[in-house]
Amino acid sequence: VTNQWFLPAVRGDIPPGCAAHGFVCDGTRILVFGGMVEYGRYSNDLYELQASRWLWKKVKPQAPSTGSPPCPRLGHSFSLYGNKCYLFGGLANESEDSNNNVPRYLNDFYELELQHGSGVVGWSIPVTKGILPSPRESHTAIVYCRKDLGSPKMYIFGGMCGCRLNDLWELDIETMTWSRPETKGTVPLPRSLHTANVIGNKMYVFGGWVPQSAGGEISAHDGEWKCTGSFSYLNLDTTEWIGLISDCQEDKSNLLPGPRAGHCAVAVGTRLYIWSGRDGYRKAWNNQVCCKDLWYLDTEKPPAPSQVQLIRATTNSFQVKWDEVPTVEGYLLQLHADSPVPSVAGIPGTGVPETSVLSSQGGSSLHQSPQSLPSVPYPEMKVDHPSQTNNVIPNNNDNWEPDTSTNTIHLQNAAEINVQVSLSSNSLKVEGKGKVAAPENKITQEAMKNHADATGFKESNAPSLLPICTSNRQWYDVGIFKNSSAVVSQFYLLPEETLRISNKTESADVPDYRLLKKQDLFPGTVYRFRVAAINGCGVGPFSKVSEFKTCIPGFPGAPSTVKITKSVDCIHLSWEPPASPSGNILEYSAYLAIRSTQLQENPSQLVFMRIYCGLKTSCTVTAAQLSNAHIDYTSRPAIVFRISAKNERGYGPATQVRWLQ
């Protein structure tokens, strides 16, 4: 997000400049209907913009089978639901002379059927039941469909008909029945040229022209009016109005959007953006002031991000990433660790079985009460073909990385797949798409004004002791990151009293990281990670837990730069030696996740069959082998491969690759 405006180079049937038009967005196309165009003329033209190509096209819908097409108008509502646009009301000019305006308020209702992708079918005039809303212009209309009831409703609020209105109307789109729902709470003042947007089950109403004096009902056509910055929402499930910013609320520090009308507002996810508008108009002065400010409002905490994914592991650090969450200001990354188990007689130990089930779901508080993860005994690797038993990964191989679906790279299933994937100790980095940038390890100013800078992980003076692991393990902060990636070599040790507070209080503040000691990561240690997104409403729920293990010194790293190419009857796997071989590579093994009865009993535990063992850095996977492959549905359907290298000490961690089907 650059927060910069740009002017696209559009082409085609470019419409004239217009005001008070209808506007809907359907995927990457935009439809514009009516409005006031040059010399005060009202329009009933319909234009389509294909935003993917910046191409305008004037479209000519078929006329209704009964009645006339919509007359030229402005200030109407134009709402999209499914493949239909709903046009209601507006203001027409009774006079054919655009200089001689004779206003006629409308309450006609039209349906416009769209063609898929581009173009329209035509107008129709639906037969409706109930009493039609009174004529009006500069009102708002939104469409909402409750998830549990499934009947879409259109709501019309306010507008202008010689005087401002604050009535609410509902249209059941399935039965085409108009009604006036009873509402609870304080109804917003009568208004026009306001905005209404649906986020979740709420209709947010902001700004517009309202009566100058709030007392009493104003019905005089020449009443005094002013712009407002008041802000309310209607709970569409309970039809209750809730006021958020009152009309008389003073804001001397400019922390709220100023009064305005004729602005635009759009919802992106759970965030509402408000742009421009005008803050007043005095005919005597022939003077209007346009706002040039952009505001946004976070209406709820952000959703949980995806699981943390491993890009690269070393003996004392991880490079990790996760999918971006739209419209957030930063991410809180946490870990907890198992104590490292010392090696015995040169045999690398494991803190817990790498196949531990990761079933613990993060909570919604900043510092959730710790949850212990169940440890599952290392499963015996069974296979459906006894003759191939020697090709199955042995169950005493202690150096496999944990089987998490996040430790993956997605390759397109194309005729020729030549995506360069650089991997080092289970690393994943797609070259040509930009390296994962080192995180700006800073607490974002907007979300965390009161907290210090959590910058870089420099050498720590903290004692080289891991926190004592008990059955009630504690999550520790790695830091707050602006971007959706991080290099983790240390984490913060919270003071005991802070832990006690944060375990009980969901809204516990983020600690001042400058006051906390840091702990380095240890080799050969299993660490669990979770991440939560932060916006203006606070810290959202945590992601599912991921588990990764730091490398053990002396063992080879994971093979890197995996390529997959497809031919008619087989696929070709190739890779490059580990970046850190720690001696001579004696052999490589490649494995394929296969279908098995064990998988049906425990879907989270993949069973792998060895499909190659040798010194070459490539192998062919035959159609017969692929026919036995397990299709992994943990995210998008994929076949899973693993490749690992062996030196004098044994096999190192495997590179896991998901090949999208």
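Where is methionine 176 found? Methionine 176 sits in the loop between strand E12 (164–172) and strand E13 (177–179). Welcome to this structure, which is a predicted model.

**An open sheet**
- The order E1-E5-E4-E3-E2 describes an open sheet of 5 strands with mixed pairing.
- Strand E1 (11–12) and strand E2 (22–26) are at the edges with a single partner strand each, so one side of each has no neighbour in the sheet.
- Strand E3 (residues 29–36) and strand E4 (residues 42–50) run antiparallel and are joined by 7 bridges.
- Methionine 36 has tyrosine 42, in E4, as its bridge partner.

**Nonpolar cores**
- The largest nonpolar core contains 26 residues, and Phe318, Val320, Leu333, Val488 and Phe529 have the most contacts inside it.
- Among the strands that each supply at least two residues of this core are E27 (318–321), E28 (330–337) and E36 (526–535).
- Beyond its neighbours within four places in sequence, valine 488 is in contact with residues including Phe318, Val320, Leu333 and Phe529.
- There is also a second, separate core of 24 residues, which includes Ile571, Tyr588, Leu592 and Ala629.

**Two loop residues with positive phi**
- Methionine 176 is not a glycine, yet it has a positive phi of about 55°.
- Methionine 176 is also buried, with a relative accessible area of 9%.
- Threonine 239 lies in the loop between strand E19 (231–235) and strand E20 (240–245).
- Threonine 239 has a positive phi of about 50°, although it is not a glycine either.
- With 15% relative accessibility, threonine 239 counts as buried.

Terms used:
Residues are numbered from 1 along each chain as its sequence is written. This is a predicted model: local features need pLDDT of at least 70, side-chain atom pairs count only at pLDDT 80 or more; totals for chains, interfaces and linings use all residues. Side-chain values use heavy atoms; hydrogens and water are left out. Two strands pair if DSSP finds at least two bridges between them. Helices (H or I, at least four residues) and strands (E, at least two) are DSSP runs, numbered from the N terminus. A nonpolar core is a set of buried Ala, Val, Leu, Ile, Met, Phe, Trp, Tyr and Cys residues joined through side-chain atoms within 4.5 Å. Buried means under 20% relative accessible area, exposed over 50%, partly exposed in between (1.4 Å probe, protein chains only). Contact means heavy atoms within 4.5 Å.
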